[in-house]
Amino acid sequence: MQRQEIRSIVRNALPKYDKTNRYHDEFLNRIIEKVIAQMYNDVWAISPHNLQRYIVGYGYTTALTVLTEPNTGIKYTTLPESIIPFQDKASGVRRVSTVLQGAATFFPLDSREWDLLVNGSYADTVASKIGYAVNQTRVEYYNMNATVEAAGVRMDCVIPFSKYAETDEVKIPEFADPRTGETFMDRVLKVLGVVQEVDIKDDNASQGLNQKDN
Amino acid sequence: MILCSQIYDTLVSIVRKDKRGLSLSIDDFNYTVVQVNQRIYRLNYSNFEASKLSMDEMDSFKVIGEAINLDVNGKGTLPSKYFHLVGDPYYNHATQGRRKVDLITSLEHGNRQMDYLTQATVLYPTAYMGAATTGEDMSIHVTPTTCTPIYIDYLRQVDTPFLDYYTNDSTFEITYMATGATVAVPLGSTSRSGLSGAVNVTSLTKNFEWHEHDIPQIINIFLGILGIQLEGQDLVQISSSYESVIEKE
């Protein structure tokens, strides 16, 4: 379903019509985003490999640039889009690859593992394996050779709902929460159910209460 | 549309109680009709678009898709006959098409402008009402100011009926003037405004904008008011007892 369709389904499940602007589209987007992100994490908990169904590819047409940080010498690529973090080394970057398939292979690394490898490990001598560590804004590479660096990389990322365009297809895991039995719509409407009506009466008082002295 | 003269003639025939004179002059009628007309408008407005049935009555006063151009401060002046906004204003975004403009209060505007998600943007603009400059009625203030023009549906005010006429100086016979016409007042007659014939005058006659089925209600409200003016208690009582019946019909 398209991003705009998903929001429309949620809006149409709410009381119609919203005459006091109780539910703003941007607010709906963020609630949907939170719920989908939780569901992606549920998918990850069942099997991290299943996240492959929900990735968005970057660098397939034009390679993502690999840069070198002058002060540290770290080779890195700025994340092409914000990602949803997961509790494993790959986080929201489920796969990194050379643009041409198979030139070298990438494996997610923990930063501490990186430190160990650099510190005289035999693994340090392997030239065709590249480690990558994901942080909030970029992907850092360990043991990337100059050829791969020059050619750039591509990535498969799991991104938040708000980063899709309105007409982009967004895949929502079609399963109920194994603990509560709640579906996507149940979870979204549960959050929206606590939103109170807008109090537009300019009377220096809480909604439903009498005017108080200043 | 209902002819003003039709209502006047009907009223005169109902309220005339003796043959000594005119119990309701046209000038009395013109003074009273303002109140009657506004009362009917208010009665219908209170039930505006409450159902399919009530749409027909007031929707002839609904102006659709009026373009309001905004100045550099995001202020647009509402039409001179503006009465009430219907639905939500909108504007056309260059790439995203029609975008709703949230009509909000000043309280909400102040709060939303400080809120990250719900502050006004070109995709989710807001507007609130305010006074216009001198001589104008009301204005709408849109944020962001670049969302111009906006388009509104609104209820316009109802035109006040008026019955213009001239009188024969000898026979005192009254001749009604047609609406919007230039009327040749003949020699020996005097226009309502006091011009003696032969002279051409512009008729100020304006007919009722209501529908034929509103005649009982118009007459009834008139009778209630005229009963007080004429000290005819029976007219007041009849009007009062008919009012609830007519509104149910």
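Two residues are in contact here if their C-beta atoms, placed from the backbone, lie within 7 Å. On that basis, the contact between the two chains takes nine residues from chain A and eight residues from chain B. On the side of chain B that touches chain A, the residues divide into four nonpolar, two polar and two charged, where Ala, Val, Leu, Ile, Met, Phe, Trp, Tyr, Cys and Pro count as nonpolar, Asp, Glu, Lys and Arg as charged, and the others, Gly among them, as polar.

This is a predicted model, in which local features need pLDDT of at least 70 and side-chain atom pairs count only at pLDDT 80 or more, while totals for chains, interfaces and linings use all residues. Residues are numbered from 1 along each chain as its sequence is written, and chains are lettered from A and ligands numbered from 1 in the order in which they are written. The model scores ipTM 0.76 and pTM 0.77. For chain B the mean pLDDT, the predictor's confidence in each residue on a scale from 0 to 100, is 85, and 87% of the residues in this chain reach 70 or more. Where pLDDT is low, the predicted coordinates should not be read in detail.

Chain A holds five helices and eight strands, where helices (H or I, at least four residues) and strands (E, at least two) are DSSP runs numbered from the N terminus. Read from the N terminus on, the elements of chain A follow the order α-α-β-β-β-β-β-α-β-β-α-β-α. Chain A is more spread out than a compact globule, because its radius of gyration is 23 Å, well over the 17 Å that the globule rule gives for 214 residues; the radius is taken over C-alpha atoms, and the rule is 2.2 Å times the number of residues to the power 0.38. The C-alpha trace of chain A spans about 75 × 45 × 35 Å along its principal axes. Of the contacts in chain A between residues at least 6 apart in sequence, 68% join residues at least 24 apart.

Buried residues make up 26% of the 214 residues in chain A, a residue being buried if 20 or more other C-beta atoms lie within 10 Å of its own, exposed if 12 or fewer, and partly exposed in between. One residue to look at is Arg7(A), which lies in helix 1 (residues 3-12) of chain A and counts as buried because it has 21 C-beta neighbours inside 10 Å. Leaving aside residues up to four places away in sequence, Arg7(A) touches Asp25(A), Leu28(A), Asn29(A) and Ile32(A).

Chain B has six helices and 13 strands, and buried residues make up 24% of its 249 residues. Four of its strands form an open sheet in the order 1-8-3-4, with antiparallel pairing; two strands pair if DSSP finds at least two bridges between them. Strand 1 (62-68) and strand 4 (97-100) of chain B stand at the edges with a single partner strand each, so one side of each is left without a neighbour in the sheet. Strand 1 of chain B pairs with strand 8 (residues 150-156) of chain B in the antiparallel sense over five bridges, and Ala67(B) has Tyr151(B) in strand 8 as its bridge partner.

Elsewhere in chain B, strand 7 (residues 138-143) pairs with strand 2 (residues 75-77) in the antiparallel sense over three bridges, with Thr77(B) opposite Ser139(B). Strand 7 of chain B also pairs with strand 6 (residues 126-131) of chain B, again in the antiparallel sense, over six bridges, and here Ala127(B) has Val142(B) as its bridge partner.
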